[in-house]
Amino acid sequence: MSIAKPLKKLASCVILDLDGTLINTDALLSDVLGGFLSKYGKQWDGREVHKTLGKTPLEAAAAIVEAYDLPCTTNEFISAINPLYSEKWCNIKAQPGANRLIKHFGGHGVPMALASNSPRVNIEGKISFRQGWKESFSVIIGGDEVASGKPSPDIYLEAAKKLNVEPSSCLVIEDSIPGVTAGKAAGMEVVAVPSIPKQSHLYTSADEVINSLLDLKPEKWGLPPFQDWVDGTLPIESWYIGGPVIKGLGRGSKVLGIPTANLSTEGYSTVLSEHPSGVYFGWARLSTKGVFKMVMSIGWNPYFNNPEKTIEPWLLHDFAEDFYGEDLRLVIVGYIRPEANFSSIESLIAKIHEDRRIAEKALDLPIYSTYRDDPYLKSCVKDGSHL
């Protein structure tokens, strides 16, 4: 864990964005827009998502109508898409770490506000499916309740006013550049959690950029620290993935001396989008060889700059032969660190081995060892689907 650096400003309250920061709306957006655009012979491919990120609903709609040359006005598009969108709010998942963050600050009496460019009614509709969220926020403000949405500072200044605090004592947590711009223009400290991968270099105005909410260190801002880390690991809600072992990029054994058992990402786009890049650990089962400890990376591996997000598990056992094609099931139970770049291959290898030592030790703890007998690991892999 990193040591908190003393900052010039300490926060007494937290203001959070909603879409992309606390809830994962990307999958829902792709689903709804994909169906809508297909009626016009168009295909949503996600390339225009950056034009909608952090924008007001009107701005985002105008960007899509223009980008796809739709035969309708912006207002007609909004009228058609809103019912399709709202009927699926119940399917939106919280971002990893969101429930933990809200429960933590709420439990320590840290005042929280929710400030989103979405209309107030939409905000309340989305969070109504998340138990305890609405009650946790002292203030909720929508983009329709201020003169100008983000990147204008209006929404954050109004949140501070309603919290009865000075803007300079507020910590903003945002996923978009317009949101970061708004927070800084309001005179607040801003932590950015970029929702578009491999774009952290664009968030230079933020006071800190983190990979996911799992990496937030509240003590850096004078707020109560999390107390749930265990021996350098963070227990998470377990999740599952499985399929046949495939040949990877050929660098695990040859370049790093670390034989990873790669899984195909085909069919797992939703799973990958739900989990931040980083280093995780858990248990792995090969259908003919048994259950083993496992540490794995998810992401683009900044040192090699992968073109696609990959899953690269390392089964912590010395195998006498390859097992390509064999069914592999993983139960992921803990988190170690975010992805990082390294100045040399040697430093990368050293860090991977440190991850191994942390995972091996942690998996002997009761909080993690019980998952060795998870039913998912005992059932055979039929279609590679996750539970």
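At what angle do H2 and H3 pack, and how far apart are their axes? In this predicted model, the angle between H2 and H3 is about 105 degrees and the axes lie 9 Å apart. The two helices are therefore roughly perpendicular to each other.

**Helix packing**

- On the H2 side, the contact with H3 is made by Pro57, Leu58, Ala61, Ala62, Ile64 and Val65. H3 contributes Thr74, Asn75, Phe77 and Ile78 to the contact with H2.
- H3 also packs with H1: the axes of H1 and H3 come within 10 Å and cross at roughly 125 degrees.
- The crossing in which H1 passes H3 is right-handed. From H1, the residues in contact are Leu28, Leu29, Val32, Leu33 and Phe36; from H3, they are Phe77, Ala80, Ile81, Leu84 and Tyr85.
- In H5, the buried residues are Asn122, Ile123, Gly125, Lys126 and Ile127. These buried residues of H5 pack against strand E2 (23-24), H3, E4, helix H6 (133-136) and strand E5 (139-142).

**The parallel sheet**

- Six strands form an open sheet in the order E5-E4-E1-E6-E7-E8, and their pairing is parallel. E5 and strand E8 (208-209) each have a single partner strand, so one side of each is left without a neighbour in the sheet.
- Four bridges join E6 to strand E7 (residues 189-192) in the parallel sense. Ile173 stands opposite Val191 in E7.
- Helix H7 (residues 154-163) packs on this sheet and touches E1, E4, E5 and E6. The direction of H7 makes about 155 degrees with that of E5.
- Helix H8 (residues 177-185) also packs on the sheet, touching E6 and E7. The direction of H8 makes about 165 degrees with that of E7.

**The antiparallel sheet**

- A further open sheet of six strands has antiparallel pairing and the order E10-E9-E14-E11-E12-E13. Its edge strands, strand E10 (262-263) and strand E13 (310-315), each pair on one side only.
- Strand E11 (residues 278-286) and strand E12 (residues 290-299) run antiparallel and are joined by nine bridges. Trp283 has Lys293, in E12, as its bridge partner.
- Helix H10 (residues 345-362) packs on the sheet, where it touches E11, E12, E13 and strand E14 (327-337). Between the directions of H10 and E14 the angle is about 100 degrees.

**Nonpolar cores**

- In soluble globular proteins, nonpolar side chains tend to be buried together.
- The largest nonpolar core has 46 residues, of which Leu22, Phe77 and Trp133 touch the most other members.
- The elements giving two or more residues to this core include strand E1 (13-16), helix H1 (26-38), helix H2 (57-67), helix H3 (74-86) and helix H4 (98-107). Strand E4 (112-116), helix H5 (120-127) and strand E6 (170-174) are likewise among them. H1 gives the most to the core, with five residues.
- Not counting residues up to four places away in sequence, Leu22 touches Leu16, Asp17, Ala94, Gln95, Ala98, Ile102, Leu114, Trp133, Phe137 and Leu213.
- Another core, of 26 residues, lies apart from the largest one. Among its residues are Ile241, Leu272, Met296 and Leu315.

**Individual residues**

- Pro244 belongs to strand E9 (residues 234-246). With a relative accessible area of 40%, Pro244 is partly exposed.
- Pro244 and Leu328 are 84 residues apart in sequence, while their C-alpha atoms are 5.8 Å apart in space.
- Leaving out residues up to four places away in sequence, Pro244 touches Asn262, Leu263, Ser264, Gly325, Glu326 and Asp327.
- Ser212 is located in the loop between E8 and E9. Its relative accessibility is 4%, so Ser212 counts as buried.
- Ser212 is in contact with Val193 and Pro276, its neighbours within four places in sequence being left aside.

Technical notes:
Residues numbered from 1 in each chain as written. Predicted model: local features only at pLDDT ≥ 70, side-chain atom pairs only at ≥ 80, totals over all residues. Heavy atoms only, no water. Pairing = 2+ DSSP bridges. Contact = heavy atoms within 4.5 Å. Axes fitted to C-alpha atoms, helices over the stretch in contact; angles between N-to-C directions. Core = buried A, V, L, I, M, F, W, Y, C linked by side-chain atoms within 4.5 Å. Buried < 20%, exposed > 50% of the residue type's maximum accessible area, 1.4 Å probe, protein only. Left-handed = near helix turned anticlockwise from the far one by under 90°. Parallel < 35°, antiparallel > 145°, perpendicular 65-115°, else oblique.
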